[in-house]
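Please open the structure in a viewer and keep the selection tool at hand.

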Amino acid sequence: MGRAAQVRRDEIVRLATTTGLASVEELSAQLGVTASTIRRDLAHLKAAGLLARTYGGAMAVVTHPEASLRQRVGEAFEAKRAIAAWAAAQIRPGETILLDAGSTTGALAHELRQAADLTVATTGLNALQELVGATGVHVECLGGTLRQVSQGFVGPLAEAALSRMTFDRVFLGADGVTAEDGICEASLQQTRMKELMMERSRHVYLLVHAAKLGRRPFHAWARMSDSWTLVTDTAATAEALEPFKSRGVHLVTVPPDARA
């Protein structure tokens, strides 16, 4: 095998690991080779145990410990859409709101495309993409350093932009949340941003589907504000909700068909 093929296959493994999935078409375009060449590469990598084949592409055998945004978009899809629809209904014309990076907040941005007289600031690349062409929405990008796996902006530039604005409502996402420690994320940069977002906002909402409750996948935490609303779906058990209820958190459970 030539050096070029080895470099290309190493890059395929890297892309599959960092993005979660890699399609033949995307890899062909990105690496500048034919689809048939990519298929041969995938067959070789599968035989070597480095990738698992999927319909139309491949995924890493050992994925990044933090799920990519692409992986999370399809997770609990109906619950996220219903939560997003409920959140959109809380927003009033003329308000300035802040959207975190994440799949559920991206679904909320999708719900806001037809809004009028609304200002939306966001740290999420997917939210920005959803709001392209939304003529009734004034969009502010907080910028900063892009985390490829989460497609969210963090760092000092994003924090500086955040300090120049205040918001009527902030809608946050999380990798996990507990009543005791707050929001769990993969990096301290993320948790720092979330704490600043809460400080700059009048009303704080955390949008998470039921599987996120009580989870501690990482070791970086954001402490919650004194008053906030946990919005989840009806799959959340009474046992999972009780720790939040006992601390006076405002709880909202949304049925998956609420958007219908």
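Begin with the pair α2 and α3, where α2 passes α3 in a right-handed crossing. A crossing is right-handed if the near helix is turned clockwise from the far one by less than a right angle, and left-handed if anticlockwise. Helices are DSSP runs (H or I, at least four residues), as are strands (E, at least two), and both are numbered from the N terminus. The model is predicted, so local features need pLDDT of at least 70 and side-chain atom pairs count only at pLDDT 80 or more, while totals for chains, interfaces and linings use all residues. Residues are numbered from 1 along each chain as its sequence is written, and side-chain values use heavy atoms, with hydrogens and water left out.

Select residues 24-31 for α2 and residues 35-47 for α3; their axes come within 9 Å and cross at roughly 110 degrees. That makes α2 roughly perpendicular to α3 (65 to 115 degrees; under 35 is roughly parallel, over 145 roughly antiparallel, and the rest oblique). Axes are lines fitted to C-alpha atoms, for helices over the stretch in contact, with angles from 0 to 180 degrees between N-to-C directions.

Next, display the side chains at this crossing: V24, L27, S28 and L31 of α2 meet A35, I38, R39 and L42 of α3, contact meaning heavy atoms within 4.5 Å. By class, this contact has 6 nonpolar, 1 polar and 1 charged residues.

Remaining in α3, select L45. L45 is buried, at 3% relative accessibility (buried means under 20% relative accessible area, exposed over 50%, partly exposed in between, with a 1.4 Å probe and protein chains only). The C-alpha atoms of L45 and I12 are separated by 9.0 Å, although the two are 33 residues apart along the chain.

Which residues touch the most other members of the largest nonpolar core? They are L206, W228 and L230, in a core of 31 residues. Such a core is a set of buried Ala, Val, Leu, Ile, Met, Phe, Trp, Tyr and Cys residues joined through side-chain atoms within 4.5 Å. Elements giving two or more residues to this core are α8 (156-162), β9 (167-172), α9 (188-199), β12 (201-207) and α10 (238-246); α9 gives the most, with 4 residues.

Centre on L230: beyond four places in sequence, its contacts include L206, L213, L241, F244 and L251.

Finally, select T178 in strand β10 (residues 176-178). T178 is buried, at 4% relative accessible area. Leaving aside neighbours within four places in sequence, T178 is in contact with G214, R215, R216, W221 and F244.

Notes. Nonpolar A, V, L, I, M, F, W, Y, C, P; charged D, E, K, R; others polar.
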